[in-house]
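Thanks for coming, everyone. Please look at the sequence and the structure on the screen, and I'll walk you through them.

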Amino acid sequence: MSAERSAWLDEGLTLLAEQGAPAVTLERLCARMGMSKGAFYHHFGSMPKYRTRLLDHFEAKCTTAIIDRVEAPGTLPARERLDRLIAEVTKDASPSLEVALRAWAKQDPEAARVQERVDATRIGYLRQLCEQAGHGRPDQMAKMLYLMLIGAEHLMPPLPKSELRGMYELLMPLLDRPAS
């Protein structure tokens with residue numbers, strides 16, 4: 001992907017996080033990028049195609065890339081990879097992108113399909129790590145870990161990431177105990 005095309009998509013995610021899906025318009029994107037509509041059409045062809053690429057970009061940046069960073073060392077035990085994953089998801093200061101995408105998914109079937117796929121990928125990865133870490137109920141533990149993140153983002157105001165990290169520190173010793 002070209003740097004310019006990636007910049008358009010990054011700007012779309014920023015706009016989505018700040019103002020929600022209805023605000024992601026051609027006019028606003030061009031104004032924020034300081035570019036013409038022709039430049040936009042050169043890269044994406046149409047606004048529906050842009051929205052599809054934006055959803056793909058969200059999935060790649062906010063799920064696949066995070067998993068890749070956690071897996072990058074290659075030989076870490078599952079428990080250490082879980083710790084790395086929690087560090088990754090609690091380092092971003094703003095949960096607004098995740099909340100905005102879920103709001104978009106409530107009103108748009110394509111966004112809903114992507115959100116469902118993202119959730120399944122994230123829970124599946126967590127399940128894999130919990131199972132490899134030896135937890136007796138990896139499905140439930142994976143969902144509990146994921147629901148903490150989703151719930152923290154939807155509190156009003158959202159739970160600060162530092163506080164969420166502290167809650168995970170309280171929860172993670174459960175992984176080290178046999179499940180009953």
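**Surface, fold and pocket**

The protein chain has an accessible surface of about 9,600 Å², and carbon and sulfur atoms hold 57% of that surface. Such areas come from the Shrake-Rupley method with a 1.4 Å probe, and for residues only the protein chains shown count as cover.

Some ground rules. This is a predicted model: local features need pLDDT of at least 70, side-chain atom pairs count only at pLDDT 80 or more, and totals for chains, interfaces and linings use all residues. Residues are numbered from 1 along each chain as its sequence is written, and side-chain values use heavy atoms, without hydrogens and water.

Now the fold. How many helices and strands are there? Nine helices and zero strands. Here helices are DSSP runs of H or I with at least four residues, strands are E runs of at least two, and numbering starts at the N terminus. The C-alpha atoms fill a box of roughly 60 × 35 × 30 Å along the principal axes.

Of the 180 residues, 42% are buried (under 20% relative accessible area, 1.4 Å probe, protein chains only).

Next, contacts, meaning heavy atoms within 4.5 Å. Take those between residues at least 6 apart in sequence: 60% join residues at least 24 apart.

Last, the largest pocket. A pocket is an open set of points on a 1 Å grid over the protein atoms alone, where a 1.4 Å probe fits, with protein on both sides within 12 Å along at least five of seven lines; lining residues have an atom within 4 Å of a point. Helix 4 gives the most to this lining, with seven residues.

Conventions
Buried < 20%, exposed > 50% of the residue type's maximum accessible area, 1.4 Å probe, protein only.
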